[in-house]
Amino acid sequence: MKYDAVVIGAGPAGSSCAAELANRGMRVLLLDKKRFPRQKLCGGCVSSRINPYLPKGWQVSILNPVKGAILGFKDIYEKRKVDIPVAWTVDRSLFDTFLLREAERKGADVLESAEFFFFEDNESFFKVITSAGVFKTDFLIGADGFYTKVGRQLGYRRRQYFRSVEVEGEGNLKEEVFIKIGVVSRGYFWIFPKRDKVNIGIATTGKEQLPEVLKECVTNGSPFNLRRTGKPKSWPIPFSTKREDIHLGKGKVVLVGDAAGLVDPLLGEGIYYAVRSGILAGKFIADGKPEEYRKAVLKEIAPELIYAAKIANLAYRFQEIAFRMGKSYAIEQFFHLLSGRENFKSIYMKGLPLFFLYMLESFAKKTARSIFKQGRL
Ligand SMILES: Cc1cc2nc3c(=O)[nH]c(=O)nc-3n(C[C@H](O)[C@H](O)[C@H](O)COP(=O)(O)OP(=O)(O)OC[C@H]3O[C@@H](n4cnc5c(N)ncnc54)[C@H](O)[C@@H]3O)c2cc1C
């Protein structure tokens, strides 16, 4: 049988895309090399702005509501709370399986333990070569994550990414996320609540030895009594800082989610953009207009990633100032961002004058200190 669309990879991007396509009457095949439920290395923190884009019932995968944040720098900690959850932590295995079954329920054919190898362009259709056989299709969607084979066959190479390490542990954190800066040169240390467990991780674009930094952070890096219970694991997180980093595919071959590089370079949030890009791709492919999908991503998602990159450039370069701004301004702004009331552009534009004030103040203090030291006053 020939399909209208074959989707490679059943993470949040692929399953959301397949569900949208099937819902719009397309004959869809969704395949993944893993058997579900499968593990996916991820902090599993989803912002509440994702809610309108997820199918009913997804809440079964929620582990904790996020109603606050603790921001750390050196040994100083700053806490903010809210009444309504701005995010949730989910069990990625349950979350992804739910979305996969939802795509199947909407009418997509699903093949698990089926690895995609390569595709051939036969001009009027594509031949998709997999470990489960050869399939014909009009459209091919690469939702196959960081190491995307679909993207590589199109000639894309990813140059920017966070290295990350993550481990399961125990610690007294229930409805807040813990984020600490100043630990690595460009990135952060996090602890996310996971019911009776916690997810502990570090992401960086710097050259630090992550296992050692993680060990130190677990022992001395937080006000919580942390205990590691699992084995540390690593996986890269792609991100885009400019339009050219975003790889959206060519012609009738379309990329979504991590395969397209749709993760923000400040927080490393990718689940929201995976779901959103999957839905946009499904909508425009069903209309036979993949170019419109690319335009929509460049209009809606690209500015977010670009402004997140501008913030990351300042925040990771001047981490002490970022912490001080976090206390007075940024934590609350990020709550608004997670719940969809602000975006990275508005946070950047409003925060920039404040950032320069803090810079001036810090410069003035340093100059005064050095004048005192030299005994000139
Ligand atoms: C340590 C870590 C922590 C993170 N924490 C967060 C967080 O708290 N919040 C957040 O929003 N984001 C987080 N992210 C990012 C988030 O996990 C990703 O952005 C998100 O999973 C992207 O979804 P996706 O569907 O594009 O890709 P994936 O979820 O990676 O799914 C890709 C799928 O493709 C399949 N696949 C790959 N190759 C093939 C092949 N050749 N044939 C068939 N199938 C294939 C894989 O098995 C997989 O199921 C984190 C990432 C890491 C590494």
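Student: Which residues of helix 7 meet helix 9, and which residues of helix 9 do they meet?

Tutor: From helix 7 it's Glu304, Tyr307, Ala308, Lys310, Ile311 and Leu314, and from helix 9 it's Phe344, Lys345, Ile347, Tyr348, Met349, Leu352 and Phe355. "Meet" means contact, that is, heavy atoms within 4.5 Å. Keep in mind that this is a predicted model, where local features need pLDDT of at least 70 and side-chain atom pairs need pLDDT 80 or more, while totals for chains, interfaces and linings use all residues. Residues are numbered from 1 along each chain as its sequence is written, and side-chain values use heavy atoms, with hydrogens and water left out.

Student: What makes helix 7 and helix 9 roughly parallel?

Tutor: Helix 7 (residues 302–317) and helix 9 (residues 344–373) pack at about 25°, with axes 8 Å apart. Angles run from 0 to 180 degrees between N-to-C directions, and under 35 degrees counts as roughly parallel, over 145 as roughly antiparallel. The pair is therefore roughly parallel. The crossing of helix 7 with helix 9 is left-handed: the near helix is turned anticlockwise from the far one by less than a right angle.

Student: How do the residues of the contact of helix 7 with helix 9 divide?

Tutor: They come out as 10 nonpolar, no polar and 3 charged. Asp, Glu, Lys and Arg count as charged, Ala, Val, Leu, Ile, Met, Phe, Trp, Tyr, Cys and Pro as nonpolar, and the others as polar.

Student: Why is helix 8 called roughly antiparallel to helix 9?

Tutor: Helix 8 (residues 319–338) packs on helix 9 at about 170°, axes 9 Å apart. That angle makes helix 8 roughly antiparallel to helix 9.

Student: What is the handedness of the crossing of helix 5 and helix 6?

Tutor: That crossing is right-handed. Helix 5 (residues 271–286) and helix 6 (residues 290–300) cross at roughly 150°, and their axes come within 8 Å. Contact residues include Tyr272, Leu280 and Phe284 of helix 5, and Pro290, Tyr293 and Val297 of helix 6. The tally is 8 nonpolar, 1 polar and 3 charged.

Student: How many residues of domain 1 are in contact with domain 3?

Tutor: 9 residues of domain 1 are in contact with 8 of domain 3. The assignment, automatic or from a database, gives domain 1 as 2–61 + 91–159 + 240–304, domain 2 as 161–237 and domain 3 as 318–373. Domains 1 and 3 bury about 670 Å² between them, with carbon and sulfur atoms giving 67%. Arg49, Leu267 and Glu304 supply 57% of what domain 1 buries there, more than any other three residues. Buried area is the accessible area (1.4 Å probe) that two parts lose on being put together, summed over both.

Student: How do you know that the peptide bond from Phe36 to Pro37 is cis?

Tutor: Its omega is near 0°. Pro37 sits in the loop between strand 2 (28–31) and strand 3 (45–47).

Conventions
Helices (H or I, at least four residues) and strands (E, at least two) are DSSP runs, numbered from the N terminus. Angles under 35 degrees count as roughly parallel, over 145 as roughly antiparallel, 65 to 115 as roughly perpendicular and the rest as oblique.
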